[in-house]
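Me: I would like to go through the terms used for this model one at a time. Please set each value against its cut-off.

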Amino acid sequence: MGGCVCPVTAMINHACLPTALFAWDEERGHHEVRALREIKAGEEIATSYVDLWQPTVARQHFLRNAMRFTCACETCLESTEESVRRMSDHRRSAGSGLERGIPDKLQAGNLEEAIKDLQALKELTILELGGRNLISDEMDMTLKELEAQLSKQKNSKSSSEMPSKEATEAEKPSSSNENCEKKGDDSELEPSSSTCKQRPAAAKAAAGSADED
């Protein structure tokens, strides 16, 4: 683990509904600020100091105890309608659950469920952050990669279940007469080139007597 002192980006304020996010460029060793969405002229550039998927009470508790300030952003203002805040908290709690569960489903190889949950998480992100944004765009790219993996997985499974030509031929009933067997006491099945001919035993006995005479 490493760290850095970034005096410029450290000046950026917090907001629970941010307009930007922090990113670290490992190759260049740069601390970056990326626009989360289109930022209008005169609009403040703000980023979130906390996990976006925490509800209001959890966010405020962390900021008071760890950062020593009380958040007064638009999302946390006391003037915000209680119904609006409850709806926001519901979306963020649901998003937190989805975000925690997706890695487990991927680890278990359950791609279909992981894709379904990531799609739901993307929709929640768009609703909560007020439209399409950098996070939802990155989720779109991840969804395309997972869907390609799932398609490849299904094609591979379909190919492995398809019987080979040799196996199909082997399963066909034999048309040969080599399996003809004796049936009954007074008849015998005799192999031939095309069918099994039945000859009465009495006729065979008569033929044998004539040969002796």
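Me: What does the side chain of serine 48 reach, and at what distance?
Reply: The side chain of serine 48 reaches the backbone oxygen of valine 50 at 2.8 Å. A polar contact is a pair of N or O atoms within 3.5 Å; within protein, one must be able to donate a hydrogen and the other to accept it, and residues adjacent in sequence count only if both atoms are side-chain atoms. The model is predicted, so local features need pLDDT of at least 70 and side-chain atom pairs count only at pLDDT 80 or more, while totals for chains, interfaces and linings use all residues. Residues are numbered from 1 along each chain as its sequence is written, and side-chain values use heavy atoms, with hydrogens and water left out.

Me: Why is serine 48 called buried?
Reply: Its relative accessible area is 17%. Buried means under 20%, exposed over 50% and partly exposed in between, with a 1.4 Å probe and protein chains only, so serine 48 is buried. Serine 48 is found in the loop between strand S4 (46-47) and helix H1 (56-67); helices (H or I, at least four residues) and strands (E, at least two) are DSSP runs, numbered from the N terminus. Leaving aside neighbours within four places in sequence, serine 48 is in contact (heavy atoms within 4.5 Å) with His14, Ala15, Pro18 and Ala20.

Me: What makes the pair of tyrosine 49 and phenylalanine 69 edge-to-face?
Reply: One aromatic pair is found in the whole structure. The ring centres of tyrosine 49 and phenylalanine 69 are 6.2 Å apart and the planes stand at 90°. Rings of Phe, Tyr and Trp (its six-membered ring) pair if their centres lie within 6.5 Å; planes under 30 degrees apart count as stacked, over 60 as edge-to-face and the rest as tilted. The pair is therefore edge-to-face.

Me: What makes arginine 68 count as exposed?
Reply: Arginine 68 has 68% relative accessibility and so counts as exposed. This residue is found in the loop between H1 and H2.

Me: Which parts does the salt bridge of lysine 105 and aspartate 117 tie together?
Reply: The side chains of lysine 105 and aspartate 117 meet at 2.6 Å, N to O. Lysine 105 lies in helix H2 and aspartate 117 in helix H3, so the pair ties together parts that are 12 residues apart in sequence. Lysine 105 counts as partly exposed at 26% relative accessibility, whereas aspartate 117 counts as buried at 11%.

Me: How many salt bridges does the structure hold?
Reply: The structure holds 12 salt bridges. One of them joins aspartate 137 and arginine 132, the closest N and O atoms being 2.9 Å apart.

Conventions:
A salt bridge is a side-chain nitrogen of Lys or Arg within 4 Å of a carboxyl oxygen of Asp or Glu.
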